[in-house]
Amino acid sequence: TSCSGRPQQAINTVCYDMVHYGHSNQLRQAKAMGDYLIVGVHTDAEISKHKGPPVFTQEERYKMVRAIKWVDEIVEGAPYVTTLETLDKYNCDFCVHGDDITLTVDGKDTYEEVKREGRYRECKRTQGVSTTDLVGRMLLMTKAHHSNMDNPDYQQHTDNFGKGPKGHSPWTGVSQFLQTSQKIIQFASGKEPQPGDSIIYVAGAFDLFHIGHVDFLEMVYKQAERPYVIVGLHFDQEVNRYKGKNYPIMNIHERTLSVLACRYVSEVVIGAPYAVGKDLLDHFKVDLVCHGKTEVFPDKDGSDPYAEPKKRGIFRTVDSGNGLTTDDIVQRIIANRLQFEARNQKKEAKEMAVIEAMRKREEEQNEAAAQVTQ
């Protein structure tokens with residue numbers, strides 16, 4: 001809160017193309033800096049002009065950002081350059097951005113004006129995830145991308161995808177995600193189910209957490225007056241068994257944070273059993289088990305993983321009205337592969353130019369300081 005006692009409002013303006021747990025973590029940090037968080041999301045036209053083609057449409061991105069539990073309000077079609085006028089229009093005290101750099105199409109810092117006026121704050125970028133890296137995993141299509149990030153094929157791909165001719169940008173490059181218990185605690189709600197809550201259980205991969213998942217979980221949330229939604233996440237090997245190809249694209253740790261960031265989710269079971277059996281239902285005192293309209297793959301022994309909840313009469317098929325799957329997203333990426341590779345190389349080239357300019361400026365300042373001391 002400010003000195004006057006008025007709640008402080010912060011605004012965060014970003015593309016949020018492929019919304020992932022790195023973005024969610026940025027919003028979590030931003031919310032902690034103030035009392036009310038407004039998130040500005042750019043249009044498809046603005047992103048195409050400054051960065052290249054977005055993976056998701058603006059309507060999909062608006063809905064995804066609204067579903068992140070730290071977001072109080074969103075501004076649709078926010079301007080790409082955040083000005084003092086924008087802050088004042090939405091009664092915001094300051095704006096927040098990650099510690100990477102965002103540049104306009106002509107290479108200017110989009111936060112230059114608000115930085116100059118002292119109305120800019122920064123939060124830490126989440127190591128180990130970027131849209132570049134996720135797109136790279138999809139394009140590579142190997143089964144071993146989680147455990148094999150240092151193999152020659154993966155390195156060659158990331159070099160092509162996120163590396164310009166004159167070095168490697170720390171903002172666009174690929175790094176390793178390291179899960180910690182602290183990170184899970186920061187994302188978890190920590191709320192126990194209360195008397196009168198309806199405990200609803202859903203299970204799946206929830207890979208590349210996307211708008212199809214959000215629509216499904218929102219519909220699940222609406223199945224009860226006081227819902228307490230538990231999401232069971234299958235281990236990577238289990239997901240690969242029933243989905244094949246190179247799935248899951250995100251490992252179990254990344255998928256845990258992605259799902260925990262959703263406002264419709266109360267708890268996550270990390271590495272849930274594939275069959276929704278008696279022990280699980282009794283342990284969590286489950287009132288309702290839901291599944292979407294997607295195919296239910298049989299268990300290893302050929303049995304129905306939902307046999308027990310069906311026997312108890314607590315199984316329900318929920319139609320979210322959204323048929324988007326992780327596979328559909330991968331197909332979007334593959335169809336636009338060359339555009340995405342060109343987009344990232346262009347982005348990295350601009351970032352490297354800024355790094356070089358910053359290095360020269362620092363050298364000049366050091367030289368000037370040395371002359372003063374002499």
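Lys245 comes out as partly exposed, because its relative accessibility is 45% and that label covers the range between buried (under 20% relative accessible area) and exposed (over 50%), using a 1.4 Å probe and protein chains only. This is a predicted model, where local features need pLDDT of at least 70, side-chain atom pairs count only at pLDDT 80 or more, and totals for chains, interfaces and linings use all residues. Residues are numbered from 1 along each chain as its sequence is written, and side-chain values use heavy atoms, with hydrogens and water left out.

So what does Lys245 pair up with? Its side chain meets that of Asp327 in a salt bridge, at 3.3 Å from N to O; the term means a side-chain nitrogen of Lys or Arg within 4 Å of a carboxyl oxygen of Asp or Glu. This pair ties together distant parts of the chain, 82 residues apart: Lys245 is in the loop between α10 (236-243) and α11 (252-260), while Asp327 is in helix α14. Helices here are DSSP runs (H or I, at least four residues), numbered from the N terminus. Asp327 is partly exposed, at 27%.

Now look at Arg332, which bridges to Glu60 with the closest N and O atoms 2.9 Å apart. Here, too, distant parts of the chain are linked: Arg332 is in helix α14 (residues 326-335) and Glu60 in helix α3 (residues 58-66), 272 residues apart. Arg332 is partly exposed at 25% relative accessibility, whereas Glu60 is buried at 14%.

Helix α12 (residues 278-284) holds both Lys278 and Asp282, four residues apart, or about one turn.

How values were computed. Helices (H or I, at least four residues) and strands (E, at least two) are DSSP runs, numbered from the N terminus.
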